[in-house]
Amino acid sequence: MSLDQKTIESLAEHLENAELQAQDVLKITDDYPDMDWKDAYDIQWEIRRRKESRGHRVAGLKMGLTSWAKMKQMGVETPIYAFLADYFGLPDGAEVKTDELIHPKVEAEVAVVTNKTLRGPGCHLADVMSAIDYVIPAVEIIDSRYRDFKFDLKSVIADNASSSRFVTGGCVKRIEDVDLKTLGVVMEKNGKVVEVGAGAAVLGHPAASVVMLANMLAERDEDIPAGTFIMTGGITAAVTVEKGDAVTVRYQDLGCVSMTFV
Ligand code: OOG
Ligand code: MG
């Protein structure tokens, strides 16, 4: 750890205010080039603590930068995790309030819901497969608080991995009725196909993303509680959206998730 507790708290406040006021900021490593990985996650966990202390609940967890398309787009090559606050969640067909966001992008993801505690280290694919109850189509709306969506890994971890909104929809299926690896997705913006992909883009299999999450959380002596909603990471590159845009993502055998930006 290279930052003291006071600095962790003030950086958490700084980044959370940027989120709440939809105001971009400079990446924090510009001012704190020596911060380490633990500092970065400490800031994220402090943002989580701040929200919970105001009565918000954690709606789930997410992994980010789990596909090559995302890593290449953002210029970083390590997956990261973050949390989802209750007010991030929107229903299918939602009107997303663009004025509450800085420069939103959408990502096609598959989410899962667990039914057992998952704890690393040493968590593996079979543990995760036997702990997933349901698969839910989900579209994440990310919104980096950093100017021009430019950051390095430590800055983006501290910024809760750009988490901002997510929309669930389509049909929920039991894990045994879905092949997560070959699951196809088609993203359309204003009626035109803009991205296509399959589940295997996420670390070879979306459940591998949950394996990694359990093992990363173990480094902080945390686990994934039973009943956790987990978004496994964008399958394709993220797509920029603006006020007036309509987005639909079609999931093979799982229906669609749609939203408009108002
Ligand atoms: C970081 C968040 C990435 C994903 O699914 O890969 C993410 C970012 O690209 O801003 O949520
Ligand atoms: Mg995402």
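Predicted model: local features only at pLDDT ≥ 70, side-chain atom pairs only at ≥ 80, totals over all residues.
Trainee: How many helices and strands does the chain have?
Mentor: The chain has six helices and 14 strands, where helices (H or I, at least four residues) and strands (E, at least two) are DSSP runs numbered from the N terminus.

Trainee: And what share of the residues counts as buried?
Mentor: Of the 262 residues, 54% count as buried; buried means under 20% relative accessible area, exposed over 50%, and partly exposed in between, with a 1.4 Å probe and protein chains only.

Trainee: OK, new topic: how many aromatic pairs are there?
Mentor: A search of the whole structure finds four aromatic pairs, meaning rings of Phe, Tyr and Trp (its six-membered ring) with centres within 6.5 Å, where planes under 30 degrees apart count as stacked, over 60 as edge-to-face and the rest as tilted. In one of them, the ring centres of Tyr41 and Tyr81 are 4.3 Å apart and the planes are at 15°, so this pair is stacked.

Trainee: Where in the chain do Tyr41 and Tyr81 sit?
Mentor: Tyr41 is in helix 2 (residues 37-53) and Tyr81 is in strand 2 (residues 80-85), so the pair links distant parts of the chain, 40 residues apart. Both Tyr41 and Tyr81 are buried.

Trainee: Which other pair is stacked, with 25° between the planes?
Mentor: That is Phe166 with Phe229, whose centres are 5.4 Å apart. Because Phe166 lies in strand 7 (residues 163-168) and Phe229 in strand 11 (residues 229-231), the pair ties together parts that are 63 residues apart in sequence.

Trainee: Switching to the backbone, where is the cis peptide bond?
Mentor: A cis peptide bond joins Gly120 and Pro121, with omega about -5°, and Pro121 is found in the loop between strand 5 (105-114) and helix 4 (125-129).

Trainee: What about Ser162 and Asp253, are they buried or exposed?
Mentor: Ser162 is buried, with a relative accessible area of 3%, whereas Asp253 counts as exposed at 59% relative accessibility. Ser162 has a positive phi of about 60°, and phi of Asp253 is near 65°.

How values were computed: Residues numbered from 1 in each chain as written. Chains lettered and ligands numbered in written order. Heavy atoms only, no water.
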